[in-house]
There are 2 protein chains.
Amino acid sequence: MQGTRVYSPAGEELGHIDDVMIDTSSGKIVYGVLEFGGFLGIGSDHHAIPFGKLRYDTSREGYVTDLTKEQLEQAPRQHETWREDREWQRRSHEYYGVAPYWL
Amino acid sequence: MQGTRVYSPAGEELGHIDDVMIDTSSGKIVYGVLEFGGFLGIGSDHHAIPFGKLRYDTSREGYVTDLTKEQLEQAPRQHETWREDREWQRRSHEYYGVAPYWL
């Protein structure tokens, strides 16, 4: 799971999954944390992306997302407790246009 | 997720989730690894249980399973590469009476 690469629909590599957030109750991944940019982790950005924006492509053995770099760069930034912050999660799901996982 | 306690239907604590296995493609937990017995991890057993046998109970903030200790003790033992071993997974799902996640 960790380390799985993420591509644009055109096949450009955007980064890789650095971490996930799992909903304990349903046992589903609700966020994949994309690490992108930088070099060997230095100067890289981390963005928690609702899992609904990641589609697994077996031929590439990676996820494909239709998010653009611009959308990623302007996405709500995580803060330390985003995993417990339902209001942050609401804003982030709204930003990415994904239905909340908790409803 | 890790550390979540697992109970019998009668409320007896069986152990806790030590690890999970995620299906990259669907983003779902397919196995929860139950650690039980022993003391401070010494002498404890680990059993990979199909996630379908774990039901989250919000009032207990833990999983409930109808598996008995006897069923757990006699379950197929994991070996080093069980996460990649479809044949082992087939046997284990059959043992626990859960439909395979990969079909």
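**A walk through a predicted two-chain model**

Start at Thr4(A), which is found in the segment before β1 (5-7) of chain A. Strands like this one, and helices too, are DSSP runs numbered from the N terminus: a helix (H or I) has at least four residues, a strand (E) at least two. This is a predicted model, in which local features need pLDDT of at least 70 and side-chain atom pairs count only at pLDDT 80 or more, while totals for chains, interfaces and linings use all residues. Residues are numbered from 1 along each chain as its sequence is written, chains are lettered from A and ligands numbered from 1 in the order in which they are written, and side-chain values use heavy atoms, with hydrogens and water left out.

Is Thr4(A) buried or exposed? Thr4(A) counts as buried, because its relative accessibility is 11%. Buried means under 20% relative accessible area, exposed means over 50%, and partly exposed lies in between (1.4 Å probe, protein chains only). The side chain of Thr4(A) reaches the backbone oxygen of Met1(A) at 2.6 Å. Leaving out residues up to four places away in sequence, Thr4(A) touches His16(A), Ile17(A), Tyr56(A), Glu61(A), Gly62(A), Tyr63(A) and Thr24(B). Touching, or contact, means heavy atoms within 4.5 Å.

Now move to strand β3 (residues 28-36) of chain A. Eight of its nine residues are buried, so the strand is largely enclosed by the rest of the structure. Which strands pair with β3(A)? One is β2 (residues 13-23) of chain A, which pairs with β3(A) in the antiparallel sense over seven bridges. Two strands pair if DSSP finds at least two bridges between them. Look for Val20(A): it stands opposite Gly32(A) in β3(A). The hairpin of β2(A) and β3(A) has four residues between the strands, and there Gly27(A) takes a positive phi near 70°. Strand β4 (residues 45-50) of chain A also runs antiparallel to β3(A), and six bridges join them. Here Val33(A) stands opposite Ala48(A) in β4(A).

Next come the charged side chains. A salt bridge is a side-chain nitrogen of Lys or Arg within 4 Å of a carboxyl oxygen of Asp or Glu. Over all chains, this rule gives 18 salt bridges. In one of them, Arg83(A) joins Asp19(A), with the closest N and O atoms 2.7 Å apart. This pair links distant parts of the chain, 64 residues apart: Arg83(A) is in the loop between α1 (69-73) and α2 (86-96) of chain A, and Asp19(A) is in strand β2 of chain A. Arg83(A) is partly exposed, at a relative accessible area of 30%. Asp19(A) also counts as partly exposed, at 26% relative accessibility.

Lys53(B) forms one with Asp66(B), and their closest N and O atoms are 3.2 Å apart. Lys53(B) lies in the loop between β4 (45-50) and β5 (55-57) of chain B, and Asp66(B) in the loop between β6 (62-64) and α1 (69-73) of chain B, so the pair ties together parts that are 13 residues apart in sequence. Lys53(B) is buried, with a relative accessible area of 18%. Arg60(B) and Asp57(B) also meet through their side chains in a salt bridge, at 3.7 Å from N to O. Arg60(B) counts as partly exposed at 31% relative accessibility, whereas Asp57(B) counts as buried at 14%. Back in chain A, salt bridges that share partners join Glu87(A), Arg90(A), Arg91(A) and Glu94(A) into one network.

Stay a moment with His46(B), which lies in strand β4 of chain B. His46(B) is partly exposed, with a relative accessible area of 32%. The side chain of His46(B) makes polar contacts with two side chains: Asp18(B) at 3.3 Å and Glu35(B) at 3.1 Å. A polar contact is a pair of N or O atoms within 3.5 Å; within protein, one must be able to donate a hydrogen and the other to accept it, and residues adjacent in sequence count only if both atoms are side-chain atoms.

Finally, see where the chains meet. The contact takes 13 residues from chain A and 13 residues from chain B. Together the two chains bury about 1,000 Å², 71% of it on carbon and sulfur atoms. Buried area is the accessible area (1.4 Å probe) that two parts lose on being put together, summed over both. On the side of chain B that touches chain A, the elements giving two or more residues are β2 (13-23) and β3 (28-36) of chain B.
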